[in-house]
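Please keep the sequence and the 3D view open while reading.

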Amino acid sequence: MPVTPADDHLVDDDTAERLLSTATENVLRDHPVHWTHVIDSDAGLVPQRVLHPVFAGSFDWHSCVHQTWLMVRLLRLRPSLTGADQARHALDTLITPEGCRTEADFFAGPMGGFWERPYGWAWLLVLDAELRTWGAAPWSLEPLSRVIRDRFLEWVSHARLPIRAGTHTNTAFATGLVLDAARAVGDTELARACAEAALRWHREDRGYGGFEPDAADFLSPALTEADLVRRVLPDFPAWFEAFLPDLGEARWKVLREPVPVDDPGDPYGSHLVGLALSRAWCWRAIGEALPAGHRYREAALAAAEEHREAGLRYVFGHGYYAEHWLGTFAAYLSLGAF
């Protein structure tokens, strides 16, 4: 199951409208851009929107993808928001059959086998599932979504080892998103491959001993792993006990309590805001997966609320390097997906 959303009414219309307006502006904004392609000649030095006509805004490809998801999610849940017409017009302009074919051609090519894997691919499939499960959606990502789906299936079926990072390369986070998306659209083959990978990578993990967070983390390696495993392992409480047997000790205070954010406007400082938000949904999902009376259940739910409050205070007002992406994490925490 995907992350359980908080009460939808906690996101008031003013906040939702601000999220929608910011996302609409972001996806149309070409600069600054984080241009990360490998090129083999000067001919490859082309504007981002030449290769990626759908997802060239919002600083980098993956942020543009998940800011587009944010727009679609808000339009689906609250179609009468102020700014909805501008958002629909932006999506009409960007998500075109021609643009999706150009993007698909890139991902079907040599660089498409690894560029934006796995984080960007995962958000693309979440966006695709949002559109496909919303019967009234006028936009389609085909054939791009089919190419990314097949690329992810091939990769996740053969990846022998996970990546336990606190940033974009984290395999548990991406695989959890894709597992939820696959289940939402009835893609049993992809869902099975994700579940098998989760167990292959993590079923035997015991006594987690990592040091986190790092200064640039926006994900918790420990909590994203647990959040993935609770989706696929019926005996998750026993696994979690073995994975973090000393969770209540001082050693893990840094995991239970929000990390101070010294400079939320700094590109990496804003990552710690995202860490608070992603920890919040992981802690909530973990707590809800533990039975009543479990020694960690109430602590997990309390940690979720602490992290939620710590992260939401920084979503707006700290400049483009924060606002080009943090709204997505705030919305995913508060509104869920699909």
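## The largest pocket

The model is a predicted one, and its largest pocket has a volume of about 280 Å³. Sixteen residues, written 16 in the count, line this pocket, and those that lie nearest its centre are F59, D60, H168, H271 and H324.

As to the make-up of the lining, it divides into seven nonpolar residues, eight polar ones and one charged residue. Among the helices, α3 and α13 (269-289) each supply at least two residues of this lining, and α3 gives the most, with three residues.

Helix α4 covers residues 84-94, and its buried residues are A84, A87, A90, L91 and L94. Viewed down the axis of α4, these buried residues fall within an arc of 125°, so they line one face of the helix.

The partners of this buried set are α1 (13-28), α2 (48-51) and α3 (61-77), against which the buried residues of α4 pack. On the face of α4 turned away from the buried side, the exposed residues are D85, Q86 and H89.

## T167, in a loop

T167 is found in the loop between α7 (144-158) and α8 (171-185), where it is partly exposed, with a relative accessible area of 23%. Because buried means under 20% relative accessible area, T167 at 23% does not count as buried.

Leaving aside residues up to four places away in sequence, T167 touches A216, D217, F218, L219 and H271; of these, H271 is also one of the residues nearest the centre of the largest pocket. T167 and S220 are 53 residues apart in sequence, while their C-alpha atoms are 8.5 Å apart in space.

## T224, in helix α10

T224 lies in helix α10, which spans residues 221-232, and at 3% relative accessibility T224 counts as buried. The side chain of T224 reaches the backbone oxygen of P221 at 3.3 Å.

When residues up to four places away in sequence are not counted, T224 touches N170, A172, F173, L219 and C282. L219, one of these, is also among the residues that T167 touches.

Methods. Residues are numbered from 1 along each chain as its sequence is written. This is a predicted model: local features need pLDDT of at least 70, side-chain atom pairs count only at pLDDT 80 or more; totals for chains, interfaces and linings use all residues. Side-chain values use heavy atoms; hydrogens and water are left out. Helices (H or I, at least four residues) and strands (E, at least two) are DSSP runs, numbered from the N terminus. Buried means under 20% relative accessible area, exposed over 50%, partly exposed in between (1.4 Å probe, protein chains only). Contact means heavy atoms within 4.5 Å. The arc is that of the directions from the helix axis to the C-beta atoms. A polar contact is a pair of N or O atoms within 3.5 Å; within protein, one must be able to donate a hydrogen and the other to accept it, and residues adjacent in sequence count only if both atoms are side-chain atoms. On a 1 Å grid over the protein atoms alone, a cavity is a set of points where a 1.4 Å probe fits but cannot get out, and a pocket is an open set with protein on both sides within 12 Å along at least five of seven lines; lining residues have an atom within 4 Å of a point. Grid points are joined across faces, edges and corners, and a volume is the space filled by probe spheres set on the points. Ala, Val, Leu, Ile, Met, Phe, Trp, Tyr, Cys and Pro count as nonpolar, Asp, Glu, Lys and Arg as charged, and the others, Gly among them, as polar.
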